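Entries follow in the order I looked things up.

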Amino acid sequence: MNTLPGSADVVVIGAGIAGNSVAHHLAQAGWRNIVLLDKGPLPDPGGSTGHASNFIFPVDHSKEITAITVDSMHQYEKLGTMTTSGGIEIARSEARAEELKRRMASATAWGIHSELISPAKVAELVPFLDSSIVKLGFWTPSVAVVDPLQSGALMREQAQALGALTVSANTEVTGIDTQRGRVSKVRTDRGDIDTDTVVVACGVWSPRIAQMAGARIPLVPVVHQLIDVGPIPELEQTHSEIGYPIVRDMDPLMYERQSGADLEIGSYAHRAIMHEPDDIPSYEAAQLSPTQLPFTQEDFDPQMEDALELFPQILNTPGAGIRHSINGLLSLTPDGGPLLGETPEVKGLWSAASVWIKEGPGVGRLLAEWMTHGSTEIDLHSADIARFYPNQRTTTHVRARADEGFNKIYGIVHPNEQWESNRGQRLSPFHPREVELGATFFEVGGWERPHWYESNRPLLEEYADRISDRPHEWDARWWSPIINAEHLAMRERVAMIDLTAFAQFDVSGPGAVDYLQRMALAQVDKDVGKAIYTPILDYYGGFRSDLTIIRLGTDSFRIITGGADGARDKKWFTDHLPEDGSVAFADVTSAVCTIGLWGPRARDVLSAVTEDDVSSQAFPFGTAQHITVDGVPTLALKISYVGDLGWELHAPFEQGLRLWDALFEAGREHGVVPAGIGVYGTTGRLEKGYRLMGAELELEYNPVEAGLALPKVKSPDFIGKEPYLKAREHGPEATLCTLTMDDHTDSTGVRRYPQAHSPILTTTGDRIVDSKGRGAYVTSAGSAPTLGEYLLMGYLPAPYATEGTGLLVEYMGERYPVTVARAGRTPLFDPDDERMKA
Amino acid sequence: MRVLVCIKRVPAPGGKVLITEDGTDIDTRHLGFTIGPHEECAVEEAVQLVAEHGGHVTVLTAGPPEAEEQLRYALSMGANAGVLVEHGAHDPQATATALTETIRTLESEDGNFDLILFGNESADVGNYQVGIRVACALERPVVGGIKGIDVADESTHVLLHRENADGVEVYQAPLPAVAAVKEGLNLPRYPSIQGRLRAKKAPLRTVQPKTAPGGLRTVQLRQPPEKQHETVVLGYGADAADSVVDLLTEKGVV
Amino acid sequence: MLLVLVEDDSGAVSGGSQEALTLAHGLATDLNVPVHAAAFGTRGEFAATLGAYGVSTLHLLEGPFADAYSPECWGAALAELVRHIGAIGVIAAASEWGNEVLAHASARTGEAFASNCVTVDAGQQWSLTRVRGGGMLLEDAELAGAVKFVSLTPGAVEPAELPIPQQITTDSFVPESTDTLVHSTIVDRKSRGAGVALSTARVVVSGGRGVGSAEGFESLEELAELLGGAVGCSRVATNSGWRPHSDQVGLTGTKIAADLYIACGISGATQHWVGCMGAKSILAINTDPEAPLVTRADYAVIGDVHQVLPAILERARARKQVQGVA
């Protein structure tokens with residue numbers, strides 16, 4: 001009954017909250033000829049939007065998720081589809097009470113009004129709850145319930161009123177054609193549509209639809225169980241859908257909310273029940289809807305007992321029964337984050353998948369912004385679908401991590417917590433040695449990287465007077481004092497660090513210089529053999545990346561970037577390759593292994609195994625040379641992220657073990673130690689004030705604020721130049737500072753070590769917010785063993801960004817005095833960089 | 001009084017019914033299972049009767065081991081004991097024999113059931129006969145299509161109400177009796193959480209009677225052919241009112 | 001021979017029985033056996049009609065038990081007759097009554113019974129197709145046994161009288177087993193009283209999820225009253241407590257046979273469809289043009305019930321008034 005246009009500027013597939021919102025915001029952004037398809041009927045096409053529990057708790061430990069959620073709440077409110085009820089997360093255990101204090105810190109850091117409340121106050125807010133089992137409450141008055149179906153309908157209406165949108169329900173996509181790697185056509189059972197842009201907003205079906213175009217959307221449909229119990233007179237009397245605050249009973253991983261006369265009980269505690277996107281029933285064959293599957297009672301039984309414990313009064317109401325119970329499907333990704341942005345495999349194929357109700361409208365707005373302007377205001381690096389390497393997009397990986405991650409949805413997840421499933425995906429050639437040395441491995445991008453080595457435990461004794469353990473289990477979790485010992489050994493002698501997880505790209509051809517000039521803030525047209533550290537900006541002048549570019553030849557360069565962001569960087573670089581073929585791009589990550597050799601004895605070790613001249617005259621800082629190490633052709637870079645004399649040594653992958661053994665053997669007499677990423681990524685870099693992408697560096701801050709603006713602006717144009725120039729002219733709204741702890745001791749006399757994302761407050765305990773509305777928080781935190789300090793980094797606006805200023809940091813419910821030790825780029829350790837230039 | 005309710009595990013209704021590839025059964029991959037609506041009313045009625053007159057409700061099902069789920073559901077509604085007759089076929093004669101044998105065993109141990117309730121017909125196969133076959137075998141009176149049950153305390157008979165096009169017929173049957181009931185008899189309760197938890201722990205009895213196949217054998221299932229036809233859209237929203245009234249006039253109803 | 005159980009419809013052979021007779025005649029021709037008929041009580045007046053359908057003998061089951069319906073006695077009586085005359089097949093209309101009596105008789109003879117058949121092929125075994133779930137599924141089955149009991153779904157066979165009526169004899173059969181049988185007895189009858197019965201109403205105005213509330217049914221009631229029809233509803237409306245179960249149209253509710261079925265805000269799950277598919281015409285009012293009932297209806301209005309119904313009421317009243325004046 002509806003007719004499809006033969007062509008469209010964009011086809012949005014899926015009319016759930018994500019698809020409706022994307023279509024709406026594209027229309028707002030000026031797009032026309034938008035087609036929105038769904039294989040189900042409207043207004044509820046049968047996806048997860050139709051059965052979600054629809055409540056929104058704005059506070060998340062993730063800054064970007066909180067920002068998207070807050071943006072969504074503003075939109076729901078504007079649409080008139082939001083009812084504010086308030087919400088309480090409750091703790092039954094001590095561990096959860098600690099977690100609630102951590103959530104309180106996140107609320108403060110991201111600027112959400114919340115309070116920690118007593119059990120008595122909890123009982124006041126939700127009178128029919130048994131507060132005797134409650135230890136602590138985390139109360140957020142702005143928690144709300146929304147109507148996502150109604151919101152979607154209004155969004156469609158507004159886009160249709162602009163004449164921008166054609167909606168076609170009951171239309172099944174049967175294929176997506178591509179031409180030269182770009183989307184060209186969407187095929188449906190009601191006709192084909194020529195288009196070069198497609199948004200996959202199909203929730204649990206997204207992998208199936210993306211597959212039609214040859215892309216992978218790494219998610220798996222998993223079950224979330226919920227039941228409705230009623231009628232309950234206490235609830236009925238409110239004569240409203242929601243009259244009491246929503247309760248998240250965090251310890252048993254469940255929630256309870258009023259839904260009219262019923263209490264809805266949802267659980268994230270059961271086993272991960274996974275489905276295949278291809279096996280989800282059709283709308284016609286489904287009992288309730290395709291994403292409301294038959295309830296599996298035995299999985300829910302323990303939750304009933306937990307619910308009964310908390311709400312004995314109302315759940316035992318005579319006549320109140322289980323009126324509705326479903327196994328609702330939702331999407332789970334390998335790391336639990338959303339999947340947003342253009343797929344790395346297919347140009348013009350965008351993903352708006354794994355989006356919760358709380359994020360839908362915000363995701364729509366950001367994705368439309370991204371599709372229109374090439375960047376977003378809010379940094380989405382942990383939501384970007386391009387963050388996954390191919391090994392992280394396999395079904396095996398997605399299912400393994402979803403299985404493991406399901407119970408983390410309401411879990412207490414340490415910020416450094418490592419995954420247990422599907423490990424050992426990518427191993428450097430040094431891996432066997434590292435295992436022998438007792439390495440504790442952390443994972444990045446599927447790579448196994450030693451974080452510290454048990455073999456270095458004896459160093460603890462050697463440096464006993466300079467190393468303090470962390471007495472609190474939470475602070476010491478996923479950490480070892482051995483890291484600090486390795487650090488000191490490096491500073492005094494020499495250390496070998498496995499850096500094979502770097503992503504490395506070779507860029508060559510007659511257009512290479514111009515291309516890289518356009519990509520990088522720094523001047524790349526330097527002498528052959530120069531190593532160039534440069535910020536990579538987005539169109540708004542925020543940080544897209546920071547990395548090193550080596551000029552290997554007149555027309556050839558090597559790009560070396562961090563393992564965490566390599567997949568996203570690859571997409572950014574390949575997206576901007578000139579179409580004339582003048583630049584060749586090759587990902588050489590899997591061909592190269594890397595050892596960082598740093599410390600005052602580094603030259604002694606290296607010269608023992610190479611005949612090449614590695615003196616400071618022959619091999620100055622900031623340069624690259626091909627040398628031979630024990631017969632292994634090696635690209636040596638005299639640079640350092642830890643601030644000591646030494647080299648990054650890049651060798652052919654298959655010769656890596658030989659390189660390692662040669663250095664290790666030669667290093668023996670110089671006291672070489674293997675050191676882990678704990679040194680490289682935290683202690684070494686923090687002492688040197690080096691910034692980390694995703695922590696200090698992100699889209700919301702510019703190079704001027706990060707202290708990474710260069711003295712001169714190169715003349716060639718580059719992405720982000722215009723805003724960069726403006727930022728230079730305008731000066732920073734906030735300055736990245738390094739702070740020291742004045743006192744670690746909490747109210748019980750225990751030394752605590754505040755971690756990243758802790759809010760930074762004035763001495764009177766007030767939030768510090770800059771003129772752009774950005775709150776101050778700790779971007780990185782860690783030990784500085786050489787300095788004998790514990791360092792924190794964070795952006796502070798002008799009055800506070802002054803050395804010597806006293807402030808407070810909130811951590812786990814307590815506040816600690818701190819002092820601004822550095823405002824700006826100058827490091828606390830070796831401020832003149834003498835050591836690494838030696 | 002002692003009441004027995006015979007229930008059946010059937011695919012939950014909702015979507016389009018799909019058939020397995022070999023064509024012999026309903027494809028239940030995407031379906032949950034439930035007690036047929038008639039039988040759910042039977043359980044409710046039994047629980048209410050016992051609440052009023054005192055006594056004991058036993059639920060009995062002939063089906064696969066998974067039918068335990070339906071027995072437990074009935075227990076969570078308030079039934080006191082559950083018996084699973086392991087029996088795979090839909091064959092109405094064999095099913096009736098299996099149930100009859102089991103009932104005889106149960107009655108030989110604890111005495112007769114005053115009332116045995118069935119659904120009027122099963123929600124999936126609908127053979128319209130199992131309850132009657134069991135009643136005949138036990139030589140008890142049985143009436144079908146029942147939408148009302150009255151039992152007086154200490155009474156020797158039961159009053160069974162059944163609807164027809166003209167109104168209601170009231171049958172009187174001497175106890176022990178059998179009734180095949182229909183949805184509408186009552187509004188079945190939703191199980192309480194306490195009921196669920198209680199039912200979860202209740203022991204079930206399993207029996208495996210021997211049966212011989214009957215004379216009705218399913219060969220295959222088919223979808224009925226969908227009639228091809230056009231829907232005439234009379235209009236959109238309130239503007240369609242005139243066309244609708246024209247239609248009503250044409251059909252001679254206004 | 002084949003035996004057809006004849007159902008009384010206000011003193012005449014019911015339509016369903018005529019269909020059963022037509023089926024029996026065809027099967028009897030294939031098997032080369034005669035067709036007999038059985039009726040309860042003094043129903044000699046059926047003979048002419050039965051002859052026209054090829055029945056050679058009418059057995060009247062008589063005795064005190066036949067004065068009032070008792071499923072146990074009537075079933076036992078039929079079983080006794082079947083054995084007495086040596087019938088090889090027994091056929092009846094698949095009415096509630098027909099199914100019940102055949103179930104009793106088959107149970108007492110120990111034979112198999114296939115209810116709700118739409119086609120039957122006779123042979124050593126009978127191959128048949130029966131409907132499940134009121135028409136949601138078709139089941140092909142084989143029926144074996146010395147006596148085959150079959151009930152025929154109404155409407156499955158077009159009744160056809162023979163060009164030349166069969167000579168028919170009538171005899172009386174007084175069963176013995178009914179005297180001692182433990183059985184139920186009708187002790188009371190309550191007539192429906194005023195109002196139109198859903199199952200026989202000419203017009204049914206029915207509402208579902210789209211009506212939204214019990215109050216929402218007021219306009220449906222007004223329209224039903226205006227059209228002299230009955231109000232029906234979907235399972236959603238019953239389960240939501242908006243309407244009593246007796247209003248429910250569908251598989252487990254009432255199956256209607258109206259001239260016009262007006263479905264307001266009913267999407268039309270299969271379980272509902274089998275209850276209303278007997279209507280001659282269906283008008284669906286729904287916001288979703290793709291709703292199953294809309295695509296299966298003869299007529300549709302795409303729109304919200306709350307806007308469409310008041311407008312229809314207003315126009316229909318106006319039309320009635322004009323007609324009244326004219």
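Which residues line the largest cavity? I listed Val126(A), Phe128(A), Tyr244(A), Pro245(A), Val247(A), Glu256(A), Arg257(A), Gln258(A), Leu263(A) and Phe311(A).

**Ground rules.** This is a predicted model, where local features need pLDDT of at least 70, side-chain atom pairs count only at pLDDT 80 or more, and totals for chains, interfaces and linings use all residues. Residues are numbered from 1 along each chain as its sequence is written, chains are lettered from A and ligands numbered from 1 in the order in which they are written, and side-chain values use heavy atoms, with hydrogens and water left out.

**Cavity.** I found one cavity of 30 Å³ or more in the structure. The largest cavity has a volume of about 30 Å³. A cavity here is a set of points, on a 1 Å grid over the protein atoms alone, where a 1.4 Å probe fits but cannot get out; lining residues have an atom within 4 Å of a point. The volume is the space filled by probe spheres set on the points, which are joined across faces, edges and corners. I sorted the lining into seven nonpolar, one polar and two charged residues. For that, Ala, Val, Leu, Ile, Met, Phe, Trp, Tyr, Cys and Pro count as nonpolar, Asp, Glu, Lys and Arg as charged, and the others, Gly among them, as polar. Strand 16 (residues 254-259) of chain A gives the largest share of the lining, three residues. Helices (H or I, at least four residues) and strands (E, at least two) are DSSP runs, numbered from the N terminus.

**Helix 18 of chain A.** I checked residues 602-609 for burial and noted Ala602(A), Val605(A), Leu606(A) and Val609(A) as buried. Buried means under 20% relative accessible area, exposed over 50%, partly exposed in between (1.4 Å probe, protein chains only). Down the axis of helix 18, these buried residues fall within an arc of 90°, so they line one face. The arc is taken from the directions from the helix axis to the C-beta atoms. An α-helix has 3.6 residues a turn, so residues three or four places apart point the same way. The partners of the buried residues are strands 24 (494-498), 30 (592-598), 31 (624-629) and 33 (646-652), plus helix 19 (656-667), of chain A.

**Ala662(A).** I then moved to helix 19 of chain A, where Ala662(A) sits. Ala662(A) is buried, at 10% relative accessible area. Leaving aside neighbours within four places in sequence, Ala662(A) is in contact (heavy atoms within 4.5 Å) with Val609(A) and Asp630(A). Ala608(A) is 54 residues from Ala662(A) in sequence, and their C-alpha atoms are 9.2 Å apart.

**Backbone.** Most residues other than glycine have a negative phi, and most peptide bonds are trans. I logged a cis bond from Leu42(A) to Pro43(A), with omega near 10°. Pro43(A) lies in the loop between strand 2 (34-37) and strand 3 (55-56) of chain A. Leu175(B) and Pro176(B) are also joined by a cis peptide bond, with omega about -5°.

Ser354(A) has a positive phi, near 55°. Its loop runs between strand 21 (349-353) and helix 10 (360-373) of chain A. Ser354(A) is buried, at 5% relative accessible area. Asn116(C) has a positive phi of about 60°. Asn116(C) belongs to strand 7 (residues 113-121) of chain C.

Key: 1 Å grid on protein atoms, 1.4 Å probe; cavity = no way out; pocket = protein on both sides within 12 Å on 5 of 7 lines; lining within 4 Å.
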